[in-house]
Amino acid sequence: MDLAALKIDIAEVPTEENPQLVLQKSRDFYWYSPVLKRQLDSVKADIVARPRNEDELLLVVGACFKNEVPLTVRGSGTGNYGQAMPLAGGLVLDLCNMNRVIEVKNGTVVAEPGAILADIDKVTRPTGQELRMFPSTYHTASIGGFIAGGSGGVGSVRWGGLRDVGNIVRVKMAAMDGSIPTVLDLSGRDINRVSHAYGTTGVITEVEMPLAPAVEWVDLITAFPTLEAAVHHGEALAAADGLLLKNVAVMDAAIAPYLRRHKPYLPDGEAFVVTIAASFAAGDVAALGKRAGGRVVLRTDTLEAEARSRLPPAFELSWNHTTLRALRMDPDITYLQVLYPQPGIAGKVLKMSALLGEEAPTHLEFVRFDGAVGCFGLPLVRFTTEERLDEIIALHEDNGCPIFNPHRYTLEEGGMKQTDPLQLGFKRRSDPKGLLNPGKMIAWDDPDFDYGRPYLFPSLSA
Ligand code: FAD
């Protein structure tokens with residue numbers, strides 16, 4: 001790596017070399033995992049570049065190729081598997097300055113990769129449209145980072161995940177294949193070449209995302225005397241095709257103390273279901289909850305404005321925000337990502353809850369998965385040792401509940417992305433020197449690596 005030559009080549013692009021700031025931009029939310037914290041704490045880039053437009057971005061990518069400098073892309077750095085951390089040092093390509101919404105069309109939005117999800121919606125809402133789905137880091141995460149490092153979230157109960165065809169319309173990417181990089185426009189299945197690939201196969205320079213009609217959303221919480229009743233209600237809501245819902249999360253009673261601002265509404269010892277529903281569907285959600293033996297303890301459309309303004313939005317209680325809130329109060333908390341497959345979701349959830357009890361309070365997120373109701377678990381885990389964490393993972397797998405391991409920084413071991421021969425072949429063409437986010441794709445060094453478990457994102461040859 002010739003850093004001195006690189007600096008000359010990219011002299012016109014804003015850069016940062018202050019060691020503290022470079023360290024900050026070399027980190028993401030890896031510390032969510034005690035395992036990744038131990039492994040990645042000392043990771044640091046040599047320089048950060050902040051291109052302001054596509055021409056500057058291509059200049060940086062081309063200069064890294066020429067001078068053999070590893071390049072790791074950074075959106076907002078909210079990924080929590082160390083995805084955006086530069087294991088081999090080199091350059092962090094920070095896309096915070098490429099944050100424009102380029103065009104809102106009838107049904108889609110075109111944006112630069114660094115555009116923040118909430119800012120995209122601010123531009124699309126006046127046209128009566130909004131993003132179909134977003135991670136619970138809506139207010140901070142970038143659209144490029146969501147596509148390259150995320151999987152779905154709020155909205156997935158209706159629309160499925162980023163893995164599902166149609167949820168990303170088009171992606172423009174730059175390859176790391178010459179001093180003047182090749183630029184590709186990908187659509188359809190080809191998008192899988194860069195989606196959830198942690199920037200190992202290309203740098204996303206522009207995206208086009210599908211939009212849904214914008215509606216007014218209401219947060220509801222329904223409390224239940226048992227976890228079993230709450231799980232059944234969550235599953236029933238997710239299966240109710242006529243209800244326009246944005247999110248359905250189920251939580252064990254033990255999680256309530258961590259949701260500090262909502263705590264006054266949450267009865268002690270009761271499990272609860274957090275739902276985000278279209279305002280016109282809120283009455284039906286409440287009625288279904290009552291019929292299932294629950295009590296509606298919070299409805300934001302019936303709250304005084306002052307009380308409402310003190311509460312964070314319900315999506316910031318959901319997905320990985322549940323873990324974040326628990327971690328803030330108890331640093332020994334971590335979590336897992338579980339798939340509870342059909343059929344018999346509730347039976348599997350309750351079995352794992354009975355096996356692990358207080359050690360892993362249940363947190364579920366219902367989604368649409370391959371055309372049916374699906375259920376992901378993000379149980380909180382009271383961490384003791386890495387060996388015990390592995391035992392808890394094995395216990396899930398032995399009981400038919402696959403784990404997408406958030407304590408691994410490689411694509412393959414996270415169980416999200418399969419690097420099949422087609423994906424590896426694409427990487428060899430788009431990044432022949434292996435400079436893009438080195439160390440994150442096991443198959444680059446070991447093409448025969450066999451993970452032996454299911455993957456969330458489909459392989460290219462599927
Ligand atoms: P970054 O963390 O900056 O990057 C993510 C990955 O994408 C990295 O590998 C990076 O190198 C690569 N990358 C970034 N931009 C580009 C680009 N332009 N081209 C190529 N590669 C690129 N994720 C979910 O899917 N759903 C959730 O609900 C969710 N909730 C979360 C809640 C919390 C509290 C936290 C801490 C994380 C959560 N995440 C969730 C993970 C993360 O916030 C999201 O995936 C988010 O969309 C990542 O966006 P980012 O801009 O921060 O990406």
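Q: Does glutamate 391 count as buried, partly exposed or exposed, and what is its relative accessibility?

A: Buried means under 20% relative accessible area, exposed over 50%, and partly exposed in between (1.4 Å probe, protein chains only). Glutamate 391 has a relative accessibility of 45%, so it counts as partly exposed. This is a predicted model, where local features need pLDDT of at least 70 and side-chain atom pairs count only at pLDDT 80 or more, while totals for chains, interfaces and linings use all residues. Residues are numbered from 1 along each chain as its sequence is written, and side-chain values use heavy atoms, with hydrogens and water left out.

Q: With which residue does glutamate 391 form a salt bridge?

A: A salt bridge is a side-chain nitrogen of Lys or Arg within 4 Å of a carboxyl oxygen of Asp or Glu. The partner of glutamate 391 is arginine 388, with the closest N and O atoms 2.9 Å apart. Both residues lie in helix α13 (residues 386–398), three residues apart, about one turn of the helix. Helices (H or I, at least four residues) and strands (E, at least two) are DSSP runs, numbered from the N terminus.

Q: How many salt bridges are found in the whole structure?

A: The search finds 28. One of them joins the side chains of glutamate 68 and lysine 433, at 3.2 Å from N to O. Glutamate 68 is in the loop between α4 (54–67) and β3 (71–74) and lysine 433 in the loop between α14 (421–430) and α15 (442–445), so the pair ties together parts 365 residues apart in sequence.

Q: Which residues are linked in a network of salt bridges?

A: The network links Lys105, Arg170, Asp185, Glu206 and Glu208.
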